Amino acid sequence: MPGALRQFAIQYPPLLERGMARALLRRFRAAPWGVGLVLLAPLVIAACSGDPYPQSTLHPTSDTGRAIDALYRQIFWWAVAVFVVVQTALIVTIIRFRNRPGAAEAKQIHGNTAVEIAWTLAPAAILVAIAIPTIKTIFQVAGDAPSGAVQIEVIGHQWWWEYRYPELGVVTANELHLPQGRPVALAISSADVIHSFWAPKLSGKRDAMPGRITRLVFTPDSVGTYLGQCAEFCGPSHANMRLRVMVDTPQAFDAWVAHQTAAPVAVDSAQAMILAGEAAFKKIRDPANHSCIVCHTMAGVSGGVAGPNLSHVGSRTTIASGLLPNDSAGVARWLRDPVAEKPGSLMPKIDLTDDEIAALVAYLQSRN
Ligand code: HEC
Ligand SMILES: [Cu+2]
């Protein structure tokens, strides 16, 4: 062992010459404020929101998430052990065998069979120890959905998410509702390019590919709103392709399904604004493509599929995949110029008068 370490020290120039160490210390002493700020930054950033880590995989809230997290922690400790062993050997070598002024040339050696066998076998053994639980977890996570799982089709679009519950008759966008404590089976695909569905606290990431179905199966265990986003670069608004997963109590989930499948709310003919909004929504504009009804489904009114289903748009908390709040100001901004809000948006800018926008806002909010 000492032979190999000495050889290592000869090959690498002495890094820890006293002068160098002193210079480094001087640097740091000269900039205590800078160092302090760098250390403080994460704390300051963390203080900006209630949940400092809304997209952390380290706080899993489903069985799949916990299985992946347990595996991750196991591998982390292996990495810590390797780090400690390697760094200790490195530091000991650098200090003990450094070049001293006037020292004789060190003994020249070549190779050390025992050490080489050891550092080949040890990593191989560690890799096997990591591979066994990894493969076990892959099978666990990619297993078939248990019977009774809620079946959901997830379809990525540039730049929003469509969710269909074929057994429940629900079609919605961007905000996925799941029941707490029940297994859910996501069948993930894409309508255009490759996207990737990722709600970090709930489960792993899955590519959404056109013409192919990938799956995620998990059981959410905690009620709450979980953030996520597209994790595969998919064009100019990739970074704006966010998603929200609402895990509801079983009762709240059933109520949500009942609401989404209920007949469309009658248009309140006493409210001139809402009536005018419906007229603006149905209006055939030039070029023909720019009529809302061409691209959007609205229960009882239209069946377009290029954009999100708007039948119950009023019941969502955000629009345009989490970009804007679903309030009067947010919807008005979106209708005024979607492309300015969301670069590349496939909803074009439509020439709408201020009155039309106000009426459309009232109409869309009444569709809840
Ligand atoms: C050429 C097709 C097209 C036309 C025409 C169109 N839209 Fe859209 N719309 C889209 C697409 C695509 C999106 C999704 C954009 C995104 O989030 O990236 C969208 C998103 C929306 C949203 C946000 C929905 C949500 O849940 O995120 C609303 C509201 C909306 N459109 C209303 C309208 C209204 C009102 C009109 C008519 C004035 C209209 N759209 C015309 C394609 C269209
Ligand atoms: Cu995407």
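How do the residues of the shell around ligand 1 divide into nonpolar, polar and charged? They divide into 18 nonpolar, six polar and two charged, where Ala, Val, Leu, Ile, Met, Phe, Trp, Tyr, Cys and Pro count as nonpolar, Asp, Glu, Lys and Arg as charged, and the others, Gly among them, as polar.

This is a predicted model, in which local features need pLDDT of at least 70 and side-chain atom pairs count only at pLDDT 80 or more, while totals for chains, interfaces and linings use all residues. Residues are numbered from 1 along each chain as its sequence is written, chains are lettered from A and ligands numbered from 1 in the order in which they are written, and side-chain values use heavy atoms, with hydrogens and water left out.

Select ligand 1 and the 26 residues around it, of which C292, C295, H296, A320 and M347 come nearest; a residue belongs here if one of its heavy atoms lies within 4 Å of the ligand. Next, show the polar contacts (pairs of N or O atoms within 3.5 Å): oxygen atoms of ligand 1 lie 2.6 Å from a polar backbone atom of A320, 2.8 Å from an N or O atom in the side chain of K342 and 2.9 Å from a polar side-chain atom of R316. Colouring by domain, as bounded by an automatic or database assignment, shows ligand 1 between domain 2 (150-261) and domain 3 (272-366), because both give residues to its shell.

Finally, select A191, which at 47% relative accessibility counts as partly exposed (between 20% and 50%, with a 1.4 Å probe and protein chains only; buried is under 20%, exposed over 50%). The C-alpha atoms of A191 and Q158 are 8.2 Å apart in space, although the two are 33 residues apart in sequence.

Technical notes. A polar contact is a pair of N or O atoms within 3.5 Å; within protein, one must be able to donate a hydrogen and the other to accept it, and residues adjacent in sequence count only if both atoms are side-chain atoms.
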